[in-house]
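Please look over the structure below with this briefing beside it. The notes that follow are grouped by topic.

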Amino acid sequence: MNPSIVVDVLYRCRDNLQMGQRLIDLVASKNPGFKHSSLSLSASIHILTRSRMVSDAQALILRMVRKSGVSRVEVVDSLVSTYQGCGSNPFVFDLLIRTYVQARKLREAVEAFRVLKSRGICVPLNACNSLLGGLVKVEWVDLAWEVYGDVVGFGLELNVYTLNIMVNALCKNRKIEDAKLYISEMEEKGIFPDIVTYNTLINAYCCEGLLEEAFDLKNSMSTKGLQSCLSTYNAIVNGLCKNGKYGKAKEVLNEMLQIGMSPDCTTYNPLLVECCRKDNLSDAQGIFDEMLHRGLVPDLVSYSSIIGLFSRNGHLDRALSYFKSFKRVGLVPDNVIYTVLIGGFCKYGMMSEALKMRDEMVDQGCLMDIVTYNTILNGLCKGRMLSDADRLFNEMLERGIYPDFCTFTTLIHGYSKHRNMNKALSLFSSMLQSNIKPDVVTYNTLIDGFCKEGDMEKADELWGDMISKRIFPNHITYSILINGFCSQCRVSEAFKLWDEMVGKGIEPNIVTCNTVIKGYCGSGDVAKAYEFLKKMTSKGVVPDIISYNSVIHGFIKLDNMDKALYLVHKMENQGILPDVVTYNVILEGFCREGRMQEANLVYKKMIEQGVNPDRSTFISLINGHVSQDNMKEAFRVHDEMLQRGFVPDDKF
């Protein structure tokens, strides 16, 4: 037995298909190691196709197209050369193209299609539509139009399926007007749009935010003898939700219910996703419950959304309850669901629970990806669990998962925040060696860490390195460095940076301005701080409570109580209410000067305004009374302090 004999016998069986099938079965069962040629496979495919044994024929087509070293030309030519001998029919070429498409071998399908065309063989329209649909699905739209031109060139009579595929192609490329023009051209040829065509256009309008046009098209369907279906309404609901029209989407849902249409998960999911995006817990809960009430089984999208919502907002018990329900209905959690839950635990500092969830995830066979690792690393860094973060980072590297920008930035921020600048710099070097480009946030983090360490030289060096890489500082960078210089009483250098920032057109914000005020006050130049406070408004920055408190405190340190009180009144006139810091600063000033009557009035006003005193309030009052030898009043304040739950140091 050899391939040539198989071909010869199958030719002889062209009028006895049952005998041909027996030979094919015999070769497969008695000769499992038999090596078919392209011709023997082709002859077998023809016989099986004629016998309507489509799945068996497809299995042999797959075997042939996957055969090592066999080109598309050889596949087509072997089928063509055995066609007459087996008395075959054109369906075999339909099957060939559709098998390529179903196997997701779209480029090979196009090549085979073109070889068939070059051999003068007209591929059946069903196969052409399958190829066109496959190309559009993977968004190879330009290639789809080339194949479409070939199909038209064959002179094939197109149908509504062809129309819908090409309308979808135009809509994917956001060419809605071209799609409408194409539909008109097809109507002239006697091919009319159906409900699928209209749904495709409606969905395209919704994706573009053209909601009025979508509604107009929906309403015009009845004039064409078409009735809106579930897909029509789902496209409208989805479009409304994506364009922030949640209320209108709810109205459309109600309309569906009123006309007796049964919404499905695809209807409810956009509404649920929009509620979750807005952190609207009650509405999201209501929609989810309505889905259950209507007998729908929420899917992966539904559960992912609701679990994410409750996790983000700290309702982790409810998130876990939904997670258990998710598993009860037979859905299998993936790494996305697990990462969402882990992220919730990390956000609220529940690291032991986060790590338990990580362990369950791994036990269930879900692989941790870079997102999961980054989520846990962020939680560990926020929780000051830097040794654990370091171990997890090493585990990540050992498992061949390469750190990304987020990984490095998270760790650099964690170590910088906790004053381990050597480790932060080491990670920064690794980041550069990995060809991951830092951004302004990365540099801001490092510069801030060194400023807080008082190492202005290193901060300045990083500033220079940042600019050399054409990463330009923003207002936050300037604020950090200005604050660093001010903290070191290097006010002149701070103001050089201020002038540079303003000169570059970078608008200062309230944080930067407050940093400058702090710098002036720290260097004892309160008058300049006051002048700067007055100029802030002209620069479009409205002073806040911190701005005023800094200058008030500055005047009090200079024993200028009148100026300090003037600023308090000015602040109140501008609608900025004094806080506990303001009152404490004024109290301390009066107490230090022994003006206890005024101090008591300030304390009384503080209570009347609903501002709760803190430990510093009572310490100032006690020390003030002691300095005036009024021990009775000092002990009275001491007792009040104890009643409010504050522990004094008893050093008075």
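A contact, as the word is used here, means heavy atoms within 4.5 Å. By that criterion, and not counting residues up to four places away in sequence, Ile-191 touches Leu-158, Asn-159, Val-160, Leu-163 and Met-186. This is a predicted model, in which local features need pLDDT of at least 70 and side-chain atom pairs count only at pLDDT 80 or more, while totals for chains, interfaces and linings use all residues. Residues are numbered from 1 along each chain as its sequence is written, and side-chain values use heavy atoms, with hydrogens and water left out.

**Ile-191 and its loop**

- Ile-191 lies in the loop between helix H11 (176–188) and helix H12 (195–207), where helices are DSSP runs of H or I with at least four residues, numbered from the N terminus.
- With a relative accessible area of 11%, Ile-191 is buried (buried means under 20% relative accessible area, exposed over 50%, and partly exposed in between, with a 1.4 Å probe and protein chains only).
- Gly-190, which follows H11, has a positive phi near 85°.

**Helix H11**

- The 13 residues of H11 reach 19 Å from the first C-alpha to the last, close to the 18 Å expected at 1.5 Å a residue, the expected span being 1.5 Å times one less than the number of residues.
- Ile-176, Ala-179, Tyr-182, Ile-183 and Met-186 are buried in H11.
- These residues are on the same side of H11 because they cover an arc of only 110° around the axis, the arc being that of the directions from the helix axis to the C-beta atoms.
- Glu-177 and Glu-188 are exposed on the other side of H11, whereas the buried residues of H11 pack against helix H9 (141–154), helix H10 (160–172) and H12.

**Helix H18**

- Helix H18 (residues 300–312) has 13 residues that should span 18 Å at 1.5 Å a residue, and its end C-alpha atoms are 18 Å apart, which agrees.
- The buried residues of H18, among them Tyr-303, Ile-306 and Phe-310, pack against helix H16 (265–277), helix H17 (281–293), helix H19 (316–328) and helix H20 (335–347).
- Just after H18, Gly-314 takes a positive phi of about 85°.

- Most residues other than glycine have a negative phi.
- Arg-384, in the loop between helix H22 (370–382) and helix H23 (386–398), has a positive phi near 60° and counts as exposed at 65% relative accessibility.
- Arg-470, in the loop between helix H27 (456–468) and helix H28 (475–487), has a positive phi near 60° and counts as exposed at 64% relative accessibility.

Terms used: Helices (H or I, at least four residues) and strands (E, at least two) are DSSP runs, numbered from the N terminus.
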